[in-house]
Amino acid sequence: MSNYFEIKDLKINFETFEEIKNVVNIKKLNLVKGETFGIVGESGSGKSVLAMSILRILPSPPAFIKSGKIMFKGKNLLELKEKEIQKIRGKEISMIFQDPMSTLNPVFTVGQQIMNVIRHNKHLNKEDAEKEALKMIKLVKLPDAKNTLYKYPNELSGGQRQRIIIAIALSCGAELLIADEPTRNLDVTIQAGILKLIDELKRELGITVLFITNNLNLVFIVSNRVAVLYKGKIVETGTSQEIKRQSNHPYTQKLLGITSVGEKLVI
Amino acid sequence: MLNRRTNYYEILIKQKLKVLKENLYLFKKNKLTFAALIIILFLFIIAIIAPIIAPFPSHIHGAVNPKDKLLPPSKTYLFGTDELGRDLFSLVLYGTRISLSGAIIAVAAGFLIGVPLGLIAGFYSGFIDELIMRIVDMFLSFPPLLLAMVIAAFLGPSLQNAIIALIISWWPWYTRLIRGQIISIKEREFVRAALAIGTPSWQIMFKHMLPNCISPVIVQASLDLGGIILTLASLSFLGLGAQAPTPEWGLMINTSRTYFIKAWWYGVFPGIAMFISVLCFNLLGDGLREILDPKTKKN
């Protein structure tokens, strides 16, 4: 299944009046169905740009995709028409974002937001959509699912919000989940909970996860394979164990040096 | 079914009612706004039932009574009479209907034209944005009253044309206001998240962005109601709006100028009516701003 998801020669530039800056330059990256693939890199290395380019939600200008292919199940996502990519967003590839505080719309209740997505994509009536929404909230293991439906985002904690966001992202049957630093603004115990949830969901639903983070420890815990991104280029790829034991690139070694190696995060 | 599950929407409505109650409480706490709201409701009732409660309904439609001309306020003629012997009280009551309906039509139409255009301009930056905003700039470069005057003069003087002129000169303000709001929330994560989940653009615009940025526009619209009443009266005063014998406040004040020394009541009562309605709409707008935008709340 090497042709499930593949990025080839992707080049993304940021073009402003002053300069043209190459932010992503990836030769090859492929995902196997059902795995968790970690992309790790410092801030500014182009992780989020890469993630957004997959669903084509990069603000353009300033970002321009110069060349390359993003193949998903035999289709080149970069060549699809807006209507076709619309059908992929949410239904086949879904994404969760860095900041759970601002990803939910503050003027609607959680239930309205989940049901909105479900009703729009699955064409269900109100009652079925409500059942589906409840099911999704139970799936992400939020206690008291019924009451959560009626809450506004500001009434939930960061971890709860991130769970809701995962629920929304998966509510239309996406099989590839792009998680763009999903645990960034959460404290360590909540982080562990979210990671555990993503891992469990992956097993239950058989989805593929593209996990993007700047935390090397997290990547080793959740991912089967890891790519290290540095200044827009992939400097190293391998299984978590390989990278941990014997990394070849000086940047990876530097990163590993910073992470306290003996520390173990239990999930 | 005895143990029927409470419907999602029932609970939602209950929640909304709770919010409404809180807002009503805020309204009541702010006495001036509450008073303005009451007076405005009162004005609306007058506007609706004006032909019924007016003591001389025939005067509204141009019936004249020359033997009672320019009488001072008395028991029969509460506000006195004009130069044709018409009862000013009836005319002022009926004028409420004309002014309020004119203002509401103008604001609503301006709102319906301006808001979607602003949404589109803010959402699709680039050429469409440039195009819409340059047109808006063109309209905004004239003072609204002057532009309305030119358009009204071009269309020919009548009440309908004056309202059309007001709509044309008023919508750009809403477009500019809402575009600024849209641009400020466009970069928020939830918009991007909605896009990533496959929400179509129109739904993002109207369902996600609009509710997040509508409140300043509502405040502006309620403040504008007062301004529009005034501008409509100005147009009539200048002879570009309502024509005799329509009992429009501005027109009445214009005709009263000739008789001002002999009959002070002729100009004063329509003026007071106008003053009260404009003041109340402005107070209501200020109050709404305090409720909808808690940042401006005074402690």
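Biologist: What is the strand order of the open sheet of 6 strands in chain A?

Modeller: This is a predicted model, in which local features need pLDDT of at least 70, side-chain atom pairs count only at pLDDT 80 or more, and totals for chains, interfaces and linings use all residues. Residues are numbered from 1 along each chain as its sequence is written, with chains lettered from A and ligands numbered from 1 in the order in which they are written. Helices (H or I, at least four residues) and strands (E, at least two) are DSSP runs numbered from the N terminus, and two strands pair if DSSP finds at least two bridges between them. With mixed pairing, the order in chain A is E6-E7-E8-E3-E9-E10.

Biologist: Which strands stand at the edges of that sheet?

Modeller: An edge strand here has a single partner strand, so one side of it is left without a neighbour in the sheet. In chain A that describes strand E6 (93-96) and strand E10 (233-239).

Biologist: Which helix packs on this sheet?

Modeller: Contact means that the C-beta atoms of two residues, placed from the backbone, lie within 7 Å. The helix touches E3, E6, E7, E8 and E9 of chain A. Its direction makes about 150° with that of E7(A) (axes are lines fitted to C-alpha atoms, for helices over the stretch in contact, and angles run from 0 to 180 degrees between N-to-C directions). It is helix H1 (residues 47-54) of chain A.

Biologist: Which residue is the bridge partner of A:Asn13 in E2(A)?

Modeller: Strands E1 (residues 5-15) and E2 (residues 20-31) of chain A run antiparallel and are joined by 10 bridges. A hairpin of 4 residues links E1(A) to E2(A), and A:Phe5 stands opposite A:Leu31. The partner of A:Asn13 is A:Asn22.

Biologist: Where in H7(B) does the kink lie?

Modeller: The bend at a residue is the angle between axes fitted to the seven residues ending there and the seven starting there. In H7(B) the kink is about 30°, shortly before the proline B:Pro172. It lies at B:Ser169.

Biologist: Which helix gives the most to the side of chain B that touches chain A?

Modeller: The contact takes 18 residues from chain B and 26 residues from chain A. On the chain B side, helices H1 (8-29), H8 (189-196) and H9 (201-213) each supply at least two residues. With 6 residues, the one giving the most is H8(B).
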